[in-house]
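Please keep the sequence and the structure in view while reading.

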Amino acid sequence: MNLHKLILTNNACYKAGRTITPRGIMVHSTGANNPNLKRYVGPDDGLLGKSQYNNHWNQNTPDGRQVCVHGFIGRLADGSIASYQTLPWNMRGWHCGGSGNDTHISFEICEDGLTDAAYFNAVYKEAAELCAYLCKQYGLTEKDVICHSEGYKLGIASNHGDVMHWFPRFGKSMDTFRAEVGKLLAASAPTPVSTPAPSDFAVDDRVVLNGAVYADSYGGGKGRSFQNRTCTVTRIVDLKRKCPYLLDNGLGWVPKNSIRKA
Ligand SMILES: [Zn+2]
C-alpha cells in the first residue's frame, strides 16, 4: 500500500464535521475515465501533479455536488499507484446517498477506460490492502466490506452499479475482493504464541537425579542427596511448588532442576 494524506478541508462535508463509528467499508469507483488522482485530490503536493481545470474535490461543492469520500486510489503524476486519505476515517462522508453514510468508510477507485488489466490489477491490489489496513484499525473483517452496488441492494445506498460494472471484466467480483482482504488480514494477524509445555517431564519418564530429595512437594524435609541415580517419575503435582516431581514412589520429591531425561 502506498498511502498518503491530503484532507479535503475546503469541502462542505469536512466543514460539517460530523463523526461516525465505522461499521464497514464501501468501495466506489468514479464512473469517469480519468485515472489521475489530481482530478479529485488537490492542491498538488508535489506527487499528485496539478489539476488541469482546478476542479478537484477540495472545494465546497465539487462539480456543484455535495460529495466527499474518505479516500481515493489512482495514479500519481509519475504514473505509480497510490491511495490518498481525504477525510478523517471516522468523519461522516457524503458518498452513497443513503444511511451508509452514517456507518461506512468510503473510497473511490479512479476509473480509466476499463480495458487496462495492468491498471485494474494494481488498483485492485491497492484497494484490498487499504481495506485490510482499515479493518485492522477499526476491528472490522472482510465481511464488512461492500461496494456501492451491494449497498443499494442492502437498502443503505443509492442505485449505482459501481464497482460491479468493472471488476467482472477482469474476472473479479466483490467476493474475490473480500477473499483477498481476508487473506491479507490472516497473513498479518499476530502468530499465536506457542504455549509452554505444562511440564518438562511426564509420569513414567525415566530421569537421572542429581541432588537432594525432599519429604514433601513444597521442599520441606530435605533428605539424602544422589548422584546420577536413574529413577522413574511416579507423580507430578502443581508445578508452582518447589519440588513437584515424586520419584520412585517413595524416594522423595525433587525440583525440576535436579533431574534430566535419562
Ligand atoms: Zn459509488
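D248 lies in the loop between strands β9 (245-247) and β10 (252-254); helices (H or I, at least four residues) and strands (E, at least two) are DSSP runs, numbered from the N terminus. The model is predicted: local features need pLDDT of at least 70, side-chain atom pairs count only at pLDDT 80 or more, and totals for chains, interfaces and linings use all residues. Residues are numbered from 1 along each chain as its sequence is written.

Most residues other than glycine have a negative phi, and most peptide bonds are trans. N54 is not a glycine either, yet its phi is positive at about 55°. The loop that holds N54 runs between β2 and β3.

How exposed are these two positions? A residue is buried if 20 or more other C-beta atoms lie within 10 Å of its own, exposed if 12 or fewer, and partly exposed in between, with C-beta atoms placed from the backbone. N54 counts as exposed because it has 11 C-beta neighbours inside 10 Å. D248 has 14 C-beta neighbours inside 10 Å and therefore counts as partly exposed.

| Residues joined by a cis peptide bond | Omega |
|---|---|
| G42 and P43 | about 0° |
| D162 and V163 | about 10° |

P43 is placed in the loop between β2 (24-29) and β3 (71-75). V163, in turn, belongs to the loop between α3 (148-153) and α4 (174-188).
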